[in-house]
Amino acid sequence: MSKPSTLGGACIIASVCVGAGMLGLPSAGAGAWTLWSVIAISFTMIMMTLSGWLLLEALKHYELKASFNTVAKDVLSGKVNFINNLSLYFVGGILLYAYISSSGMIFSEMLGVTRELASVLFVALCSAFVLHSTRAVDRISMVLILFMIISFVLGVSGLASNISVPVLFAQGEGESAYSAYALALLPVALTSFGYHHSVSTMRDYYQDEHRAKKAILGGTLIALTFYLGWVICIFGNLPRQDFGPVVAAGGGVDALMSALTSAIDSNSIKQALHIFSIAAIVSSFIGVGLGVFDYLADLFGFADDKQGRLKTWGVTFVPPLVFSLVAPFGFVAAIGLAGAAATIWTCIIPATLAKTLRQRAPEQEGFVVPGGNATIYVVMAFGGLTAAFHLLAMANMLPVFRG
Ligand SMILES: N[C@@H](Cc1ccccc1)C(=O)O
């Protein structure tokens, strides 16, 4: 049997990363603008790669089939494990909520129906793939990814040819230095580099931590390239002050697209970007939906037959749909909140697991993340501070850009 290629695994990780987080980056980064957004996004990429590696290091003590949950159950106390599971479910639920809310807005405009009806139709149609089978999700994901790649290349290359360098590198003046706004970008950037439930899959796929490590780095590097290209192309076309209405509308993709639409003339670029944002939302909805679906089926012990799957479908999709119908709130706020919760199981818990297991087996054989215990503490601090920044921004205690 031929060995799986590193690039293949890197593509899996990249496709898990690319999603809602990426769509939220331009609105969340508008305050910090180009230079500080590039710094914040690149720094988050390094931290999130290290935290994935720490999880990989923790996994090396267990059999290849072991999952995140296996290690967490073995190492953590019942209470901490409960919090870990809760944060996993919370992140999945809030992401589904954000996808449903924004697709409701996009499709109500396209179809000329109410936002509520558009949301219900979207959930009914797209969750049907998840309800049917993993295979159906696999098939439709490939089609969507193809659409995403083509429309991204067409749209972004169109934007790239229109970049205005003075707009891109506009400098903050006097009191309102742009750097302070970078802190509020971190939670959204953290969400956009979330892939950690797939670390154990990578290890099992390569049967080797060192190759899995390369695939993870490759995946986060591909995602970083996408994100920087995306942010730079948008910031070079849409001046900072034009983000005011986008931020006021919650930073959703629909608002971003209508602002871009008035800033560019080419119809084909507009179409390509529109298709890209819809394909990205649908594929993330289905991908995250499947993850939550499998997780809840396992948690509640629902059977894998028609009736069991229908029950799992209900607990997975109905709560976020109801929330989005009764209380639709800003896209960027939801993605940031997802980041603030995701920090628990993507940074803090992986670092804790690696630390505990280094103490349990001090001989340090096999894969060890470089940097000693300093790496562990830096990742923990990054995770804790990022959650704190989101809470401070929510309480209006951090500078929040309003255009
Ligand atoms: N990175 C994904 C969301 C995600 C977060 C955390 C873990 C897994 C996935 C996105 O941007 O849509």
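## Salt bridges

In this predicted model, the count of salt bridges comes to six. One of them joins glutamate 57 to arginine 358, whose closest N and O atoms are 2.7 Å apart. Because glutamate 57 belongs to helix H3 (residues 33-59) and arginine 358 to helix H16, this pair ties together parts that lie 301 residues apart in sequence. Glutamate 57 counts as buried, at 2% relative accessibility, and arginine 358 is buried as well, with a relative accessible area of 9%.

Another salt bridge links lysine 65 with aspartate 204, and here the closest N and O atoms are 2.9 Å apart. Lysine 65 sits in the loop between H3 and helix H4 (68-75), while aspartate 204 is in helix H10 (residues 199-206), so the pair ties together parts that are 139 residues apart in sequence. Lysine 65 counts as exposed, its relative accessibility being 63%. The side chains of arginine 203 and glutamate 209 also meet in a salt bridge, at 2.6 Å from N to O; arginine 203 is buried at 2% relative accessibility, and glutamate 209 is buried with a relative accessible area of 13%.

## Helix H11 and its start

Helix H11 runs over residues 209-235, and its 27 residues reach 38 Å from the first C-alpha to the last, which is close to the 39 Å expected at 1.5 Å a residue. At the start of this helix, a side-chain oxygen of aspartate 208 comes to within 3.1 Å of the backbone nitrogen of histidine 210.

Arginine 211 has its place in H11.

## The largest nonpolar core

The largest nonpolar core has 124 residues, and those that touch the most other members are Ile41, Phe122, Tyr227, Trp230, Phe243, Phe285 and Leu353. Helix H16 (residues 331-360) supplies the largest share of this core, with 14 residues. In soluble globular proteins, nonpolar side chains tend to be buried together.

For phenylalanine 285, the contacts beyond four places in sequence are with Leu96, Tyr99, Ile100, Phe122, Val123, Cys126, Ser127 and Phe317.

## A buried asparagine

Asparagine 81 is placed in helix H5 (residues 78-111), where the residue is buried, with a relative accessible area of 8%. Not counting residues up to four places away in sequence, asparagine 81 touches Asn69, Ala72, Lys73 and Leu76.

Most residues other than glycine have a negative phi. Tryptophan 33, however, has a phi near 60°, a positive value in a residue other than glycine. Tryptophan 33 lies in helix H3 and counts as buried, at 1% relative accessibility.

Glutamine 364 likewise has a positive phi, near 55°. Glutamine 364 is found in the loop between H16 and helix H17 (372-394), and with a relative accessible area of 39% glutamine 364 is partly exposed.

Conventions
Residues numbered from 1 in each chain as written. Predicted model: local features only at pLDDT ≥ 70, side-chain atom pairs only at ≥ 80, totals over all residues. Heavy atoms only, no water. Helix = DSSP H or I, 4+ residues; strand = E, 2+ residues; numbered from the N terminus. Expected span 1.5 Å × (residues − 1). Polar contact = N/O pair within 3.5 Å; in protein donor to acceptor, adjacent residues only side chain to side chain. Core = buried A, V, L, I, M, F, W, Y, C linked by side-chain atoms within 4.5 Å. Buried < 20%, exposed > 50% of the residue type's maximum accessible area, 1.4 Å probe, protein only. Contact = heavy atoms within 4.5 Å. Salt bridge = Lys/Arg side-chain N within 4 Å of Asp/Glu carboxyl O.
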